[in-house]
Amino acid sequence: MLHTHSDPSKASNIFNLSSTIRKISTNTPSPQSPRPHIHSTSPPPPYLHRALSRSLFLSTNPEESETDSKNYIQTMASAASPTFCSIPTTSSSSTTRTRSSLNVPTTRFLTHTSLRRLGFAGAAAEPLLTHHVATQLRSLKSSGKPVRGVASMAKKSVGDLTASDLKGKKVFVRADLNVPLDDSQNITDDTRIRAAIPTIKHLISNGAKVILSSHLGRPKGVTPKFSLAPLVPRLSELLGIQVVKADDCIGPEVEKLVASLPEGGVLLLENVRFYKEEEKNEPEFAKKLASLADLYVNDAFGTAHRAHASTEGVTKFLKPSVAGFLLQKELDYLVGAVSNPKRPFAAIVGGSKVSSKIGVIESLLEKCDILLLGGGMIFTFYKAQGISVGSSLVEEDKLDLATTLLEKAKAKGVSLLLPTDVIVADKFAPDADSKVVPASGIPDGWMGLDIGPESVKIFNNALETTKTVIWNGPMGVFEFEKFAVGTESVAKKLAELSGKGVTTIIGGGDSVAAVEKVGVAGVMSHISTGGGASLELLEGKELPGVLALDEAIPVPV
Ligand SMILES: Nc1ncnc2c1ncn2[C@@H]1O[C@H](COP(=O)(O)OP(=O)(O)OP(=O)(O)O)[C@@H](O)[C@H]1O
Ligand SMILES: O=C(O)[C@H](O)COP(=O)(O)O
């Protein structure tokens, strides 16, 4: 695989595969040594799905609980913050591993402002919560009950609500049911509906009255083609009950329907974006939505990056405001598994333009061991190295940025691999003439539309060494059959790795479409339901819909 280099005079050597693969980095896995530990001083931290959102500190000695309050907070932070991802451990026992992560000085944790940037980790960085936990532990101690430890999650979860919290209660559930519909209003992909079901089922099986809200598309005012009505049959089928549909999302008619909703019933409100106040997050509108219910559950991960009335505004008027199961799972993987990965950790980033992935690449460079680049963006990287790219997609104003990213990768010891060969086309069309050429030999007038077969092999070899892989963005113009091979090969490789216990996370949008097309979606560890939201999360940005939720309260175990 091509080791990126900013010196154009070295370009021809770079494309010599066999010599290059050894040059990539001292960390780079070679085909001869398929499973090296890239960071030998940093054995994989324990990856446990639940442990990433629920950090558990176990102590058999109640006397330890005073200091444990600090430790517990640090443990929470270590599950979500890149700062803590390479803390060395010496034992394979989960208790010991947890303890070893406690050696980080408290002050470092408390002053580390980046922890606050992620909604997921926000609670861990909150001095008030630190105090709260300490107080709680003191009171537990003074109660005389033996305390084994404390478990908590940064955000309060719908799973924390019991039948007594829910029975007869009106629960406003914000889901992201923004599914694609064809011209006849048929749902062409029901993934987001299916993903919303566990939370709704939990609520109705505990006797709650569910008031379900979502947007669909980007309507400007009331627009019939963006009505949520076509979703009712599928929702009803998946829930096993008849879902009632309101023609509005606020107002007297809706209030009547809410009043007649039985325990265990579901009322689907009309598209919340039919009101411009939704996207403007107008408090009066949020108050009207909130007035329908007693408590709030946000399960709309795909819309959690929007500070809208139904995702953020309502939390000011409804208590508790908690995370749904889908939201939790997305955070577990996209924050937890990425910040605290089993290593080696590879990121695959593709898509059309480097400009739209700068934040993701920069953020992943801080965390991953191997970065594989594909898609249209690679040509900007080639050109930045003085390599001729024919008429391939290039962002001329991002050449310096590409060079900077390559230098950053080198400085951080990340093995950044660019494809060594590409499939070029004589025009941008499904029936274009095509051929495989070395990346250094793209003829004038031809454009690269996919990664080549040699690159697929080398990517596969690099991936073979990994324990965690995250993928965002296609390797080529996969919408054209002729140029879908690179993207589909990545999908197949990740499916194979999933079967071997590798954590595989698909970041959303086009990569998810590719995985579904290949028919391997079901075997991946996690497929995100969020496009923009997953990108923002991977960039390390705050998600307002998550930040607005109540913090979790630690519970004794
Ligand atoms: N070599 C290429 N030349 C031009 N366009 C390309 C090339 N490779 C991929 N693309 C296009 O990039 C588009 C996807 O790019 P985009 O930046 O939108 O990724 P993305 O949608 O964010 O990825 P994801 O949805 O997985 O997060 C696809 O439509 C694909 O056809
Ligand atoms: O499809 C999505 O990414 C979400 O539903 C958010 O939609 P939006 O980009 O229109 O806010």
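Is lysine 517 buried, partly exposed or exposed? Lysine 517 is partly exposed, with a relative accessible area of 44%. Keep in mind as you read that this is a predicted model.

**A salt bridge at lysine 517**

The side chain of lysine 517 meets that of glutamate 481 in a salt bridge, with N and O 3.3 Å apart. Glutamate 481 sits in the loop between β16 (468-472) and α20 (485-499), while lysine 517 belongs to helix α21, so the pair ties together parts that are 36 residues apart in sequence. Glutamate 481 counts as exposed because its relative accessibility is 53% and the cut-off for exposed is over 50%.

**Other salt bridges**

The count of salt bridges comes to 27. Aspartate 176 and arginine 192 form one of them, and their closest N and O atoms are 3.4 Å apart. Here a loop residue pairs with a helix residue: aspartate 176 lies between β4 and α10, and arginine 192 lies in α10 itself, so parts 16 residues apart in sequence are tied together. Both aspartate 176 and arginine 192 are buried.

Arginine 343 and aspartate 369 form another salt bridge, at 3.1 Å between the closest N and O atoms. This pair joins two loops, one between α15 and β10 and the other between α16 (358-365) and β11 (370-373), so it ties together parts that are 26 residues apart in sequence. Arginine 343 and aspartate 369 are both buried.

Ligand 2 is surrounded by Asp176, Asn178, Arg192, His215, Arg218, Arg273, Gly302 and Arg306. Notice that Asp176 and Arg192, the salt-bridge partners, are both in this shell. The shell divides into no nonpolar, 3 polar and 5 charged residues.

Around ligand 1 there are 20 residues, of which Ser352, Glu479, Gly508, Asp510 and Ser511 come nearest. They divide into 5 nonpolar, 12 polar and 3 charged. Strand β15 (447-451) and helix α21 (510-518) each supply at least two residues of this shell.

| Ligand | Residue | Part of the residue | Distance |
|---|---|---|---|
| Ligand 2 | Aspartate 176 | side chain | 2.8 Å |
| Ligand 2 | Histidine 215 | side chain | 3.0 Å |
| Ligand 2 | Arginine 273 | side chain | 2.7 Å |
| Ligand 1 | Glutamate 479 | side chain | 2.4 Å |
| Ligand 1 | Aspartate 510 | backbone | 2.4 Å |
| Ligand 1 | Serine 511 | side chain | 2.3 Å |

Taken alone, ligand 1 exposes 640 Å², and the protein buries 82% of that. For ligand 2, the area exposed when taken alone is 310 Å², with 85% of it buried by the protein.

**Backbone details to look for**

Most residues other than glycine have a negative phi, and most peptide bonds are trans. With that in mind, look at the cis peptide bond from lysine 319 to proline 320, where omega is near -5°. Proline 320 is in the loop between β8 (295-298) and β9 (321-323). Another cis peptide bond joins arginine 343 and proline 344, with omega about 0°. Proline 344 lies in the loop between α15 (325-339) and β10 (345-349).

Glutamine 185 has a positive phi, near 65°, and is partly exposed at 27% relative accessible area. Its place is the loop between β4 (170-174) and α10 (191-205). Asparagine 281 also has a positive phi, near 55°, and is found in the loop between α13 (276-280) and α14 (283-290). Asparagine 281 counts as buried because its relative accessibility is 19% and the cut-off for buried is under 20%.

Technical notes. Residues numbered from 1 in each chain as written. Chains lettered and ligands numbered in written order. Predicted model: local features only at pLDDT ≥ 70, side-chain atom pairs only at ≥ 80, totals over all residues. Heavy atoms only, no water. Near = heavy atom within 4 Å. Polar contact = N/O pair within 3.5 Å; in protein donor to acceptor, adjacent residues only side chain to side chain. Areas by Shrake-Rupley, 256 points an atom, 1.4 Å probe, with all protein chains shown as cover. Nonpolar A, V, L, I, M, F, W, Y, C, P; charged D, E, K, R; others polar. Helix = DSSP H or I, 4+ residues; strand = E, 2+ residues; numbered from the N terminus. Buried < 20%, exposed > 50% of the residue type's maximum accessible area, 1.4 Å probe, protein only. Salt bridge = Lys/Arg side-chain N within 4 Å of Asp/Glu carboxyl O.
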